[in-house]
Amino acid sequence: MNQKRADKADGDARAGIAFALDRVGHSRGGVAVLSDLSLAIRRCKMTAVIGPSGSGKTSLLRLLNRLEDPVSGSIALFDRDLRAYPVRELRRRVAFVFQSPVMFEGSIADNLLAASRLRKANDTPKTSELDLLLESVDIDPSIKERDARGLSGGEKQRVALARALASRPEVLLLDEPTAALDVESAEHLMTMLARLRTTQRLTMVMVTHRLGEALAVGDDLVLLEGGSIVEAGSVDEMRHAPRAARTRQFMQSAHEASP
Amino acid sequence: MTGSGPVDIGAPSLVLAAAMIALAAALSAWQELGLTRTIVIGGLRATLQLLIVAQLLQWIFLSNRAYVVLATLLVMVLVAGFTAVGRIKEARARRRIVALISTVSILLGSGATLAYVDLCIIPISPWYDARYLIPLFGMIVANAMNAAALAAERLRSEIVAQEAEIEARLALGASSAQACASAVRKALAAAMIPAVNALTVVGIVSLPGMMTGQILAGADPTLAVRYQIIVVFMLTCASALTATLLVFWYRRQFFTDAEQLRYLGTSGP
């Protein structure tokens, strides 16, 4: 009886985890970029990954939809090894938004339809769905036939976000989505991400080097440095009761840099 | 036949011919192109190679056995295969496989073209007659080699240039073939352009070597032209076949089985 209850509690706890990383190590071009990373990323939460440049943030993100495979260790999504998913199916469920938005040739609508066309699937989003998607990223649906490559940086990034959402993913990976944007566009994007976080049942992992962004929209925080985790926990814990001295230092220096 | 054969070329003529390459070398030295050495060595090498080839051809024509001819054709393919990708910026560990891809593509592309010409178009007898096969194959392989070099170089540079776009497509669930389709198209088009240009200007801007040679040797120009028509078609076919084989095979080298773009750094694995 007791054992049963314990198992159930254990199962529930596991059900709350999207990604589980176990002793993950990675290198690129012969250079170690991540070492001995163990981490749980909660489902339907926004996890912000912060750290100085070169700390392995992007490398970590790229492992999560298998743009790369780690050299050692294992990663599970919903309790199943990443490599057990057919990779193209995995990438439909785990969408990725890159630091510099890449628009494909064609209109905004063409870009939003790219994923379903690539899959030659019958689930092509209807016009009404495209309009809703564009509205959700604050783009006027009436301009959807415009050339996507003629948009501004901020608009491109929002179209890239809508394009990622078009395949109705369960997880959204964001690699410094505001890095290539001006301050205004960056704030706009963050407002939208905060809105998405409350309106959609999405697990989000966002890499950023701006602590302000991480604190504003994150539920959980992971601080990386030199390819290792300094500290991981909820935003509140990390802000008010950081365990590692390095975390305290980072919080302070980042605060001073961006008041 | 008196008076219609080519004019004899003596040693003094060859020395005068060398003045032409000396001019090119001088230009390079004057403008510091860094090519002087290459031009001088290239000139010497070309002379030496051709003198040796003359001896070899004489021997092959005299023996005229199928295996001797086929072995000669194979050597031509091997040299072309390695030359085509000799300058490509590939990681050392992958150079060998790239040379293999290039050689096999040239072998199949040129071989199929020659076989068709030999067995179906020009009634050569015996089928392995060195006097036909070796010059024909020489032209085919030279073109296939250029097509292979252009295709390989262009495919690589396009994939490097389009890295972000290719990964964006992969991240949306594209297969690696879908993700690099535009790079593949550009590489194939680049490889085809010389052959297609040749088709357009043949006889107007350029009087091709084979036709010129036949006319110089006293052949009827209408027969020389008929040969030339076969030659330009054959070269276009060989370029297309070789480039296609190479591009579709080489493309796979850039991706893993899990639809991942490999690390493209030249120092990488």
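Guide: What follows is an account of one helix pair in chain B, and then of the chain around it. The model is a predicted one.

The pair consists of helix 1 of chain B, residues 11-30, and helix 2 of chain B, residues 36-63. Two packed helices are described by the angle between their axes and the distance between the axes. Here the axes come within 8 Å and cross at roughly 165 degrees. Because an angle over 145 degrees counts as roughly antiparallel, helix 1 of chain B is roughly antiparallel to helix 2 of chain B. The handedness of this crossing is right-handed.

Turning to the residues in contact, helix 1 of chain B contributes Ala18(B), Ile21(B), Ala24(B), Ala25(B), Ser28(B) and Ala29(B). Their counterparts in helix 2 of chain B are Thr36(B), Ile39(B), Val40(B) and Gly43(B). Sorted by class, this helix-helix contact comprises seven nonpolar and three polar residues, with no charged residue.

The domain assignment divides chain B into domain 1, spanning 8-63, and domain 2, spanning 65-254. Between the C-alpha centres of these two domains of chain B the distance is 25 Å. Their contact involves four residues of domain 1 of chain B and seven residues of domain 2 of chain B. On the domain 1 side, three of the residues are nonpolar and one is polar, while none is charged.

For chain B as a whole, the secondary structure amounts to ten helices and zero strands. The C-alpha trace of chain B spans about 75 × 50 × 35 Å along its principal axes. Chain B has 269 residues, of which 28% count as buried. When contacts in chain B between residues at least 6 apart in sequence are considered, 74% of them join residues at least 24 apart.

Chain B also touches chain A, in a contact that takes 19 residues from chain B and 21 residues from chain A. On the chain B side, the most is given by helix 6 of chain B, residues 163-171, with seven residues. By class, that side of chain B has eight nonpolar, seven polar and four charged residues.

Key
Residues numbered from 1 in each chain as written. Chains lettered and ligands numbered in written order. Predicted model: local features only at pLDDT ≥ 70, side-chain atom pairs only at ≥ 80, totals over all residues. Axes fitted to C-alpha atoms, helices over the stretch in contact; angles between N-to-C directions. Helix = DSSP H or I, 4+ residues; strand = E, 2+ residues; numbered from the N terminus. Parallel < 35°, antiparallel > 145°, perpendicular 65-115°, else oblique. Left-handed = near helix turned anticlockwise from the far one by under 90°. Contact = placed C-beta atoms within 7 Å. Nonpolar A, V, L, I, M, F, W, Y, C, P; charged D, E, K, R; others polar. Buried ≥ 20, exposed ≤ 12 C-beta atoms within 10 Å, placed from the backbone. Domains from an automatic or database assignment.
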